[in-house]
Amino acid sequence: FETELLHGDLRYSNIVMWHDKEHIIDPLGVNAPQIMECTRYIEDDIFTADNFADFRNRVLLLRNLFGDVGIDTTHMIDAIFIDSVLRTTSSILLGENEQIINRGKLNAVWLLELAEERNSKIERR
C-alpha cells in the first residue's frame, strides 16, 4: 500500500465551518493508506445498524459512494475492520461502557463476515 500523511481522526465532529470555510481540527496525523481517512465516517454511520443485513447494506452503499468520487475502495472493508478494532481497543483502555465495547466487537465480527463473503466471491472467479 502507498501511504501518506493523514489527519488520522477525520470525522464529522472534527470539521468546522469558520469564516465560510471548512477547517479540519484535532489533528492526529498518521501515515497510512488514503482509504483509512474515510473509514471513520463509515464507522460512525454503521455503528447504529440494527442487524447484519442493515449493516451490510450500509457498508456496501458507502463503499459505492466513496468509489463514485474516485477513492480506491478495494481494501475498504479491511480498513474499516482495522479502524473498528482500534476504536474498540481504545474504548476498552478508556473504560467506556460495556454497550459501546460490545457493539465495537459485534461490528468487527460483522466486518469479518463481509471480508469472508468478498473472499469467497474472489475464489469462485
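At what angle do helix 2 and helix 4 pack, and how far apart are their axes? In this predicted model, helix 2 spans residues 52–68 and helix 4 spans residues 98–124. The two pack at an angle of about 65 degrees, and their axes lie 11 Å apart. Angles of 65 to 115 degrees count as roughly perpendicular, and helix 2 and helix 4 are therefore roughly perpendicular to each other. The crossing of helix 2 past helix 4 is right-handed. On the side of helix 2, the contact is made by Phe52, Phe55, Arg56 and Val59. Helix 4 contributes Arg103, Asn107, Trp110, Leu111, Glu113, Leu114, Glu117 and Lys121. By class, the residues of this contact divide into six nonpolar, five charged and one polar.

Salt bridges were examined next. Side chains of opposite charge can pair when their charged atoms come close. The structure holds six salt bridges. One of them joins arginine 56 to glutamate 117, with the closest N and O atoms 2.5 Å apart. This pair links distant parts of the chain, since arginine 56 belongs to helix 2 and glutamate 117 to helix 4, 61 residues apart.

An α-helix has 3.6 residues a turn, so residues three or four places apart point the same way. Arginine 58 has a relative accessibility of 25% and counts as partly exposed. Aspartate 54 is also partly exposed, with a relative accessible area of 23%.

Helix 3 covers residues 76–94 and contains arginine 87 and aspartate 83, which are four residues apart, about one turn of the helix. Their side chains meet in a salt bridge with an N to O distance of 4.0 Å. Salt bridges that share partners join Asp83 and Arg87 with Glu43 and Asp44 into one network.

Glu43 is part of helix 1 and is buried. Helix 1, residues 36–46, is mostly covered, with eight of its 11 residues buried. Besides Glu43, the buried residues of helix 1 are Glu37, Cys38, Thr39, Arg40, Tyr41, Ile42 and Ile46.

Serine 84 is also found in helix 3. This residue is buried, with a relative accessible area of 1%. Which residues does serine 84 touch, not counting those up to four places away in sequence? The residues touched are Glu43, Gly104, Asn107, Ala108 and Leu111.

Conventions: Residues numbered from 1 in each chain as written. Predicted model: local features only at pLDDT ≥ 70, side-chain atom pairs only at ≥ 80, totals over all residues. Heavy atoms only, no water. Axes fitted to C-alpha atoms, helices over the stretch in contact; angles between N-to-C directions. Parallel < 35°, antiparallel > 145°, perpendicular 65-115°, else oblique. Left-handed = near helix turned anticlockwise from the far one by under 90°. Contact = heavy atoms within 4.5 Å. Nonpolar A, V, L, I, M, F, W, Y, C, P; charged D, E, K, R; others polar. Buried < 20%, exposed > 50% of the residue type's maximum accessible area, 1.4 Å probe, protein only.
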